[in-house]
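Thanks for asking me to look at this one.

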Amino acid sequence: MPGLTIGDTVPNLHVQTTHGDFKLHDYFSGSWTILFSHPGDFTPVCTTELGKMAKYSEEFKKRGVKLLGLSCDDLNSHKEWIKDIEAYTPGAKVDYPIISDPTRDIIKQLNMVDPAEKDPKGSQLPSRALHIVGPENTIKLSFLYPATTGRNMDEVVRVLDSLQRASKHKVATPVDWKPGEPVVISPGVNNEEAKAMFPQGFQTVDLPSKKEYLRFTQVS
């Protein structure tokens, strides 16, 4: 599925992982899932990233979120690599599955290819892609980094919190938002509806246009 992006349903691929074989939709199983790819085993940036994912594992579990990694090497390689990952990040346990994709077919179907980076054999490398998948198996947010740039895990947690609040309430999160800060009420909710939906109240910003569209409230 080339071009797989926000709003698309993740294809229900059969995958082999370090935790056994399964179909993607069975693994997602009505929960939120972070699906993330890596250019290869025993590579420097990937080793730091998978360790940090493991370090944040409890934060994701508290939010009801599963993790699912992908790297273009075989399962034996993955299992040996995990030893390095855990050694580099003390206290981190890689308790999430990692998909094996030595033929690089899966990364193509999940739109996780970096067209600008190739291995010594001339094959395209996976991008440093991350899809946040919602409970209905659709992509809610997608990060796409080149193979040379590592992710920011705090940003992954922040946007996940934003998505989950937006899913639960008719709200959006403003620039630089962090958990605990006010959110904005969606434009599709009129003031009367907002009073019923947000009994805690809301504040409307007085703007030159006099349009009452910038309304802040608190949700958890």
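**Notes on the fold**

1. Let me start with strand β3, whose partner strand β8 (residues 128–133) runs antiparallel to β3, with four bridges between the two. Within this pairing, I34 has I132 of β8 as its bridge partner. Please keep in mind throughout that this is a predicted model.

2. β3 also pairs with strand β4 (residues 65–71), this time in the parallel sense and over seven bridges. Here F36 is the residue to look for, as F36 stands opposite G69 in β4.

3. How many residues of β3 are buried? The strand covers residues 32–38, and seven of its seven residues are buried. In a regular strand, side chains alternate between the two faces of the sheet. For β3, W32, I34, F36 and H38 lie on one side and T33, L35 and S37 on the other, and both of these faces are covered.

4. Next, please turn to the helices α2 (residues 44–55) and α4 (residues 75–88). Their axes come within 9 Å and cross at roughly 70°. An angle of 65 to 115 degrees counts as roughly perpendicular, and α2 and α4 are therefore roughly perpendicular to each other. The crossing of α2 past α4 is right-handed.

5. Which residues make the contact between α2 and α4? From α2 come C46, T47, T48, L50 and G51, while α4 brings W81, D84, I85 and Y88. Sorted by class, this contact of α2 with α4 holds five nonpolar, three polar and one charged residues.

6. There is also an open sheet of four strands, in the order β10-β11-β13-β12, with antiparallel pairing. β10 (171–172) and β12 (203–204) are its edge strands; each has a single partner strand, so one side of each is left without a neighbour in the sheet.

7. Inside that order, strand β11 (residues 183–185) and strand β13 (residues 215–217) are joined in the antiparallel sense by two bridges. V184 is worth a click here: its bridge partner in β13 is F216.

8. Finally, some figures for the chain as a whole. The chain has seven helices and 13 strands, and its C-alpha trace spans about 60 × 35 × 30 Å along the principal axes. Of its 220 residues, 45% count as buried. Taking contacts between residues at least 6 apart in sequence, 62% join residues at least 24 apart.

Definitions and conventions
Residues are numbered from 1 along each chain as its sequence is written. This is a predicted model: local features need pLDDT of at least 70, side-chain atom pairs count only at pLDDT 80 or more; totals for chains, interfaces and linings use all residues. Side-chain values use heavy atoms; hydrogens and water are left out. Two strands pair if DSSP finds at least two bridges between them. Axes are lines fitted to C-alpha atoms, for helices over the stretch in contact, and angles run from 0 to 180 degrees between N-to-C directions. Angles under 35 degrees count as roughly parallel, over 145 as roughly antiparallel, 65 to 115 as roughly perpendicular and the rest as oblique. A crossing is left-handed if the near helix is turned anticlockwise from the far one by less than a right angle, and right-handed if clockwise. Contact means heavy atoms within 4.5 Å. Ala, Val, Leu, Ile, Met, Phe, Trp, Tyr, Cys and Pro count as nonpolar, Asp, Glu, Lys and Arg as charged, and the others, Gly among them, as polar. Buried means under 20% relative accessible area, exposed over 50%, partly exposed in between (1.4 Å probe, protein chains only).
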